[in-house]
2 protein chains.
Amino acid sequence: MNISIDMTTTSIEEGIGYWLRRAQQVVLHDFSETFVPYDLRPAEFSLLMLLSSHPGIKQSDAAEILGIQRANFVALVDALQQRGLAERRKPESDRRVQALYLTKQGTDFVLETTGKWRQHENRMITRLGGLDDRDQLIELLTRLSA
Amino acid sequence: MNISIDMTTTSIEEGIGYWLRRAQQVVLHDFSETFVPYDLRPAEFSLLMLLSSHPGIKQSDAAEILGIQRANFVALVDALQQRGLAERRKPESDRRVQALYLTKQGTDFVLETTGKWRQHENRMITRLGGLDDRDQLIELLTRLSA
């Protein structure tokens with residue numbers, strides 16, 4: 001593969017990391033504003049969404065998918081458990097692992113808040129210019145994190 | 001403008017914020033590995049680069065460009081000042097503002113480390129597929145943070 005190499009960039013404002021950070025600040029700010037009424041941090045909502053689409057996921061797998069370190073992830077699950085939104089269970093098939101589920105209350109909560117999350121996503125999609133641009137952005141971000 | 005709207009996304013792994021975060025983790029990890037020998041955090045290096053391209057920039061402008069909150073930014077400048085890399089000066093034209101400069105040592109340090117930073121950027125550009133993809137990514141990220 002013949003990759004073009006950059007030898008001219010001299011300003012931090014031309015760097016990939018700089019723009020990733022600025023974009024993430026905007027997205028996180030919009031997210032936080034959206035979820036103020038629910039007193040929910042982005043990581044908490046991400047985990048609830050993940051448990052909704054992957055019920056029974058192993059705690060270690062969920063931490064890896066969300067890119068959250070083990071100690072922080074345990075605290076995150078604890079917080080959702082204390083709010084009655086998620087629970088740990090040991091599956092019959094393997095008592096050594098912790099499987100994660102939404103509670104009934106957690107399922108209702110995700111149903112109630114998913115619409116808000118989509119509105120947040122749609123505001124970001126509008127900023128980008130449309131769904132094609134969103135897909136292109138995610139494709140490029142996927143390459144970075146591959 | 002006719003913007004397509006997403007009403008079907010139900011998984012957090014389809015969200016823009018999710019992929020921004022994953023990509024940023026990879027970029028930050030590579031950056032941190034690169035700068036281990038220099039004992040330098042990303043924000044510290046970003047500020048040094050900014051002072052190199054904008055000598056005499058006002059403290060408040062620098063904080064805004066880097067997207068760092070005021071209290072954190074003051075601590076950041078203090079840290080670089082203590083290491084003898086940056087300094088504050090009050091310009092004759094307006095004694096109320098703080099202008100930021102690299103010291104001679106800071107200038108040497110930026111010259112020495114810019115090559116390392118470019119190597120880091122080039123690894124990210126290679127992951128993306130080349131300079132055109134980098135430009136496209138930054139264009140999309142700029143739209144998000146506009």
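The crossing of α2(A) and α3(A) is right-handed, a term used when the near helix is turned clockwise from the far one by less than a right angle. This is a predicted model, in which local features need pLDDT of at least 70 and side-chain atom pairs count only at pLDDT 80 or more, while totals for chains, interfaces and linings use all residues. Residues are numbered from 1 along each chain as its sequence is written, and chains are lettered from A and ligands numbered from 1 in the order in which they are written.

On the α2(A) side the meeting residues are A43(A), S46(A), L47(A) and L50(A), and from α3(A) they are A62(A), I65(A) and L66(A), where contact is taken as C-beta atoms, placed from the backbone, within 7 Å. By class, the residues of this contact are six nonpolar, one polar and no charged.

Let me turn to the contact between the chains, which takes 52 residues from chain A and 54 residues from chain B. On the chain A side, α1 (16-35), α2 (42-53), α5 (104-128) and α6 (131-145) each supply at least two residues, and the largest share, 13 residues, comes from α1(A). That side of chain A has 24 nonpolar, 19 polar and nine charged residues.

And what do the buried residues of α1(B) pack against? They pack against α1, α2, α5 and α6 of chain A, together with α2 (42-53) and α5 (104-128) of chain B. Among the buried residues of α1(B) are W19(B), R21(B), Q24(B) and F31(B), buried meaning that 20 or more other C-beta atoms lie within 10 Å of the residue's own. The helix itself, residues 16-35 of chain B, has 20 residues and reaches 28 Å from its first C-alpha to its last, close to the 28 Å expected at 1.5 Å a residue.

Finally, a backbone detail: most residues other than glycine have a negative phi. D39(A), however, has a positive phi of about 50 degrees although it is not a glycine, and its place is in the loop between α1 and α2 of chain A.

Key: Two residues are in contact if their C-beta atoms, placed from the backbone, lie within 7 Å. Helices (H or I, at least four residues) and strands (E, at least two) are DSSP runs, numbered from the N terminus. Ala, Val, Leu, Ile, Met, Phe, Trp, Tyr, Cys and Pro count as nonpolar, Asp, Glu, Lys and Arg as charged, and the others, Gly among them, as polar. The expected span of a helix is 1.5 Å times one less than its number of residues. A residue is buried if 20 or more other C-beta atoms lie within 10 Å of its own, exposed if 12 or fewer, and partly exposed in between; C-beta atoms are placed from the backbone.
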